[in-house]
Each structure stands twice: as structure tokens, then as C-alpha cells.
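Okay everyone, thanks for having me.

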Amino acid sequence: MVQSLLAALVLLCFCSYSNAQVSTNPTQTTPDLLDPSAQNWSGTYGTGSWAGSSGGPDPNRLRNDSGFIWSSGNNIISTTIAINTALAQAGIQVNGFNYKWRVKNGNANWFAGQPGVDDFEITVDILDSNGNVFQTYTYDYGHSHNWTNHTGQELFGTNFLPPSYFSDINISAQGSDSANWPGWYGPEFNVRDSEFNLIFSANPCHGNALYDPQCPGYATALFNQHCTQNPLFDPSCSGYAAAYLQQQCSANPLYDPACSGYANAYYNQQCSLNPLHDSGCNGYAAAYYSQQCKLNPLYDSGCTGYAAAYLTQQCGLDPLYDSSCTGHLAAQCAIDTLYDSSCTGYADAYLAQQCDYDPLYDVQCTGYQQAYFNKQCEMDSQYDSSCPNFVAALEDILDDGTNIDPIADALATPELDLDIAIPEVPVVIVTELSTENETVDMNYEQTQGDMMAMEDDIEKEIAALERESEEEEVNNPFEKERGESDIEEIVEVVETTDGESGDGKTNQEDDIEKELAELKAQAKTEKKVVKTEPLTKNDKIRMLLAKKANELTKDMENLATLEQQMLVQRQLLALISFVPGFDYNDKDVLDLANFYPDKPTVDHQFSRWFLNDPNFSAMEDLQYPKGFK
């Protein structure tokens, strides 16, 4: 009944409109199109009221048919409005709609009686005549509130849409009781007091599809208009064939044998175009020349259009003939993709060219990785172990069959009068990467040789000292009884050397300080001279190692170059690594240290982050206080 009244209202509003009134017609709204009876809505629901201690999960349609209240089930109820039925009158356009939703989300008046808020949404789907969704509008009322009229307006934003463009409007509501209580304590929707009104106005496109390019049928109306004015506008125009024949016959009776005067025109034409057609034609010679020039302007250089025809001929043979030739640019690009930036493939060709000049131009260049590696090796030969000028590790440098013993050299001190000179460690340029097995064997053999040579030299040194002591009938300083004063004297000597050696932050200095502290503690606890056991050979070696390590640490502070510091550091490493009495022939022991794979250092994100760490510079300053030279 509502739709019948609406149709009558629309008919009364528009039956008297003229084209002059269309543009000034104000917008209007329909009566409420929303079905006020809940029993006419679709969906799965029961009949009852709110609250209760059992029931659900489907929503309840209230007994007075005024609306719905939801339980724990997330059900949907809906209704449909037919736009093309509600607005059946021609000459109008649909602009949008107004809405009013009366909703309550209060947990059956106990607003704070559950942990969350119930969800509730109303959705409006506008469908076109093909059943596709034209636009969708969603209204979320999932918040706690009492009965509220939620109103608003939606405009489609598209002009000149007649009711026939649309089919239906689907209005649906969906909610649930988030607490899942038995009964009906969810959101409530009063359909009786809710409203939905369409907004419409006169459609100026009605009866005049040419009113605006956005009018439906504008293209067809414009085409028909052109065809009416000129049937030759398009071959698909009605009457095009007859109009075209008439046009051609008027222009030239020889166009078709069906043209009137075709025979006479044909003879005159032949004589006019080519007096050679018949000996009776006047101007045979001139006609012949004219005919040849017309058929082929290249017949003679005096022919009209010779220059243009010649250019066209040459361009057809070779588009590169002149820059004005059609296809000139394409031909140039085919020869050289770098001819112009608009050439297809220019970017790739340019990249390839730059990569040929410099593989480091872009990361996409072929050979970029190798070039980057070579560049890093040029800047720093220690960048990777596979760099041509990479300085090999100490064990690789000494693995050349020479009898070099850096440990014995490090122990040569003036105080002990050891005749062992500090050798210059040769720098070996590694040009080939050894395999993993070769590297492990080389490390093992070099380590074994260095440590055995160190132990042999130290034993020789101690044996020489002992022989010298026996000849002079002087007690061996390593085997005499040590009292409190003797220990303090040793501590004082080593502390003096250690105090002059640097900042005390290296591992070997920490170990020495611990030994000195133990000696001090022993001196304090012993109130009288205690006869101790004679020092063993290993004890003597440790004391020599500690003394020489302190002296090397002191010498390293006065070295000016990084290479000199590296030599001393390798000597210190040899001293620290040496363990008196250790069996370096046991290859299985050394193999335990070879758990790191023999892989080159990789330039990756973490290493770059580490180098950019502000504390990294501070660490370098502490290690090299005099800087690099």
C-alpha cells in the first residue's frame, strides 16, 4: 500500500513538468519505505521478549512486531525495497537516501553487566538493474547506549540515474550477545520506529539524452543526431550507401556504371586524362607528358610534386634517408637503442653500457659482485682472505720450512743474557685459497712446530743458566729457598716492569697481576723463611714467559707503525699460547680448535652495523692511541 501511495505521489509531482521546469526542480524524498512490521522481515528468529534464563541462540521478534532482540547467535535479519517499483514514474533521477535507525545496545538495561560490548551493524546494499552491488553503506553501533535514533543522509555522487538503473535495496541487521548468556540480552533494533527515504529529483536527461555527456544514452543520441544531419557521417548510418553513391556520381560520373552519363563521361575522361587514348584527342603529346607525371611524379624532374614524391620514395626505401621520414626514429632505435631515450629498451641498453664501462655502476650489472670484491681488496687487502694481497695468518706465514721460532726470540732478554734475536717475520702474499683440509693441516703443523721450537729453546736457555750456576758454585736462583723478602723482591721487579708497560687492559697483564697478587698474599702470611720445593722446569719457563710478555707489552707502546705492532702482537700471542710440557704431537687436541669453517669474511649487514657503532671508534682509539701511519 505504501508503494502504491508513493507511485501516485510521484505521478502527481511530475505529470505537469516541462523541459523548462526540469533544471529548476528541487530534490524531494519519498515517504518511509522501511517495512514497520517485524514479521515481514526475513531471517532466522523466534518470537518472544528480552531477558530470560534459557533460550537462544536465535534472536527474538518481539510479540508486538516492533523489532528484534538478539541472543548469542550472530544471526542476520533483512528486508528488501524495490527502487524501480517505489519510483516508477519516468523523468526522475535517484540521488541518494535518508535513514533513521532506532537502536539500543544495553545488555537488557544492565549496561555494565558484562565484560565486553555487544556487536551490532546495519548494512544497506544498493543493487543495479543487473543485480550487482552499486554501493554499500555500513553503520556500526557496537557500543553501549540506550535507545537512540541514529540518523543521516547518503548521496550517490552520480548524476542522472533513473529508477530503472536500479533494482533493489537490501537492508540487513546483524548482532550477538558477546557474553553468550542464555536468553536474550543482546542489542535491540526497533524497525517500527526506524525509517528509510529515497531522495530524488527531476531528471534533465529524460527526453533529451544530449543534455549532458553523463546522461544515459548520450552517445547513441549524439550518433543519431550526426547521422540525421549527414548520412555520410559513419558507414553504419541509415542511408549511408545511397548517399555515398550519389556523392561519388556527382563528383565523377565515371565512379560507377550506374551513374547517369557514364559512357560520355568515360570517353571525355579518357581524352582529358590521356589524349593517347585516341588519335582524335587533342594535345596528345602534352597529355602523354601530363599522364606520366600524374601516374608517377618521378617520371621527370619537371613534374609537379617530384620533390615530395622523391622524398616519399626514398623514405619508403630507407626511413633513415631524412629525419622527416615516417619511422625515422624507430629505424634509428633499431640500429642503436641508445639513440634516444624514447627508444624501446633504452633503459636496459643504457644500464648495459654503463655496466660495460664500470661494473660497479649498479648492483644489477653482471660482474658487480666480483668488481665490488676487487674494489674492496684494492682499498683493504685484509677485506677477505681471498684478496690477492691478503696477509696470511702467522701459522701460514711460518709454514715455509724455515727454522723461525718467535717464542724463543720473544724470550731473549738482556737481563737473562739470552743470545736469541727477534726475527723479522716475513710477509707472505697469499694468491690462492687453500682447501679446508689443507688449511687445517697447515695450522696444525705450524702450531706444532712453533710450540716445540719454543720449548726446546727455553730448555736450552735454562740448561745454560744451570750450568753457569754450577760452575760459579752459586745456588740456582730458581731452586733456592724463598722467604718473604725474596718473594717481595720478585714481585717488585715484575711490578716495576708491568707498571711501565701500558694501561694493564690486556689478558696477559691481567694474568700476571693475579700471579703477583698471589705472591704478595703468600709473603704476608709467611712470617718466616720457608724452605720450598725446587722450581721445576715448567715453573722456570712460566716466569721467563711472564717477564718477556711484560717487556714486549712495554715495547709495543713505542712502536710507530701498525706493521711493527702486528709483529709484536704475534710474538705476544705465541707467548700466551705456549703451554710448558704440552704435547703438541697430539694432533687430535689441535683439531678441537678447528671448529670454525675455513670461509672468507663476508661483508654483510651486521658487520656494517658494527663498524658504524660509535663505540667502535673508541675501541680503536684505545688500541691504537698514536693513530695509524
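**Salt bridges first**

So, let's start with K100, which counts as partly exposed because its relative accessible area is 21%. Partly exposed sits between buried, under 20% relative accessible area, and exposed, over 50%, using a 1.4 Å probe and protein chains only. Before I go on: this is a predicted model, where local features need pLDDT of at least 70, side-chain atom pairs count only at pLDDT 80 or more, and totals for chains, interfaces and linings use all residues. Residues are numbered from 1 along each chain as its sequence is written, and side-chain values use heavy atoms, with hydrogens and water left out.

What does K100 pair with? It forms a salt bridge with E195, and the closest N and O atoms are 3.6 Å apart. E195 is in strand β12 (residues 188-202) and K100 is in strand β7 (residues 92-105), so the pair ties together parts that are 95 residues apart in sequence. E195 is partly exposed as well, at 32% relative accessible area. By salt bridge I mean a side-chain nitrogen of Lys or Arg within 4 Å of a carboxyl oxygen of Asp or Glu. Strands here are DSSP runs of E, at least two residues, and helices are runs of H or I, at least four, numbered from the N terminus.

How many salt bridges does that rule give? The count is 4. One of them joins D65 and R61, with the closest N and O atoms 2.1 Å apart, and both of those residues are buried. Another links R192 to D193 at 3.9 Å; R192 is partly exposed at 43%, and so is D193 at 32%.

Okay, zooming out. The protein chain has 21 helices and 14 strands, and buried residues make up 34% of its 629 residues.

Take helix α6, residues 262-273: its 12 residues reach 15 Å from first C-alpha to last, close to the 16 Å expected at 1.5 Å a residue. That expected span is 1.5 Å times one less than the number of residues. Which residues of α6 are buried? A265, Q270 and C271.

The protein chain averages 74, and 64% of the residues score at least 70. Over residues 413-444, though, pLDDT stays under 50. Where pLDDT is low, the predicted coordinates should not be read in detail.

Notes
pLDDT is the predictor's confidence in each residue, from 0 to 100. Contact means heavy atoms within 4.5 Å.
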